[in-house]
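Trainee: I'm new to this one. Could you take me through a close look at its aromatic side chains, and then at what sits around the core?

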Amino acid sequence: MAKPLADLVGKAMTPACRKRGFASVDILASWPDIVGERYGERVQPERLIWPRQPEEAVLADDTGPKPATLVVHTDGPTALMLSHEMPQIIERINAFYGWAAVGRIRIVQRPVAVRPPSRRKTLRPLTGEEERNLEARLSGFEHDGLRKALKKLGSQVIAREKASQ
C-alpha cells in the first residue's frame, strides 16, 4: 500500500527535530503560517532551548514546564523588524502550541537560504448549484466571521474534490 510522502518524511525528521528541542516537525512545517508572510521565508527556527529543572521541582510544581527560548536565524534588516514585533510572534507561536511554550526569542544573525515561493494550484470556480448547496449548509451559522471562513474552506474542498475526480 502506498503511503503519503509526508508521513514517511515526518517520521524520519522527528528524531532530528527532537535533538533541536522541537517535539515534532509540525512547527517547522507550519512556520510560514505561524509567523506570516513577512517572516515565513526570511526567518528560520533553529532550536528550542528548554530551561533545566531538577526532577523533584518538576514533580512538586503543578504549573508545568517553564517556557523555552526559541533560537531563530535571519539577516540583519529582518532581525531588526523581528525584534520590534517579537511579542506578537511569541503570541502566535504559543497559540500554535496551545500553551505558553515559548517565553522569548533569541535572534542569530546570519544569511538565510530563501526558498522560491511555492505556487499554489488555482482552483476552479464553483458552479451555481454547488454555491447554492454550500450556502444552504451554512445558513444555520449566525456569526458572520465563522460563516465566511467556513464558506471559504467549503468552496476549496468542493473545488478540489471535483478536480481530483
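Mentor: Let's start with Tyr 97: its relative accessibility is 25%, so Tyr 97 counts as partly exposed. Keep in mind that this is a predicted model. Phe 96 is partly exposed too, with a relative accessible area of 32%. Phe 96 and Tyr 97 form an aromatic pair, with 5.7 Å from centre to centre and 70° between the planes, which makes the pair edge-to-face.

If you search the whole structure, you'll find two aromatic pairs. The other one joins Trp 50 and Trp 99: here the ring centres are 6.0 Å apart and the planes sit at 15°, so this pair is stacked. Now see where those two rings come from. Trp 50 is in the loop between β1 (44-49) and α4 (55-60), while Trp 99 is in the loop between α6 and β3, so the pair ties together parts that lie 49 residues apart in sequence. Trp 50 has a relative accessible area of 33% and is partly exposed; Trp 99, at 36%, is partly exposed as well.

Leaving aside residues up to four places away in sequence, Trp 31 touches Tyr 39, Gly 40, Val 43, Gln 44, Pro 45, Leu 70, Val 72 and Ile 93.

How values were computed
Residues numbered from 1 in each chain as written. Predicted model: local features only at pLDDT ≥ 70, side-chain atom pairs only at ≥ 80, totals over all residues. Heavy atoms only, no water. Contact = heavy atoms within 4.5 Å. Phe/Tyr/Trp six-rings, centres within 6.5 Å; stacked < 30°, edge-to-face > 60°. Helix = DSSP H or I, 4+ residues; strand = E, 2+ residues; numbered from the N terminus. Buried < 20%, exposed > 50% of the residue type's maximum accessible area, 1.4 Å probe, protein only.
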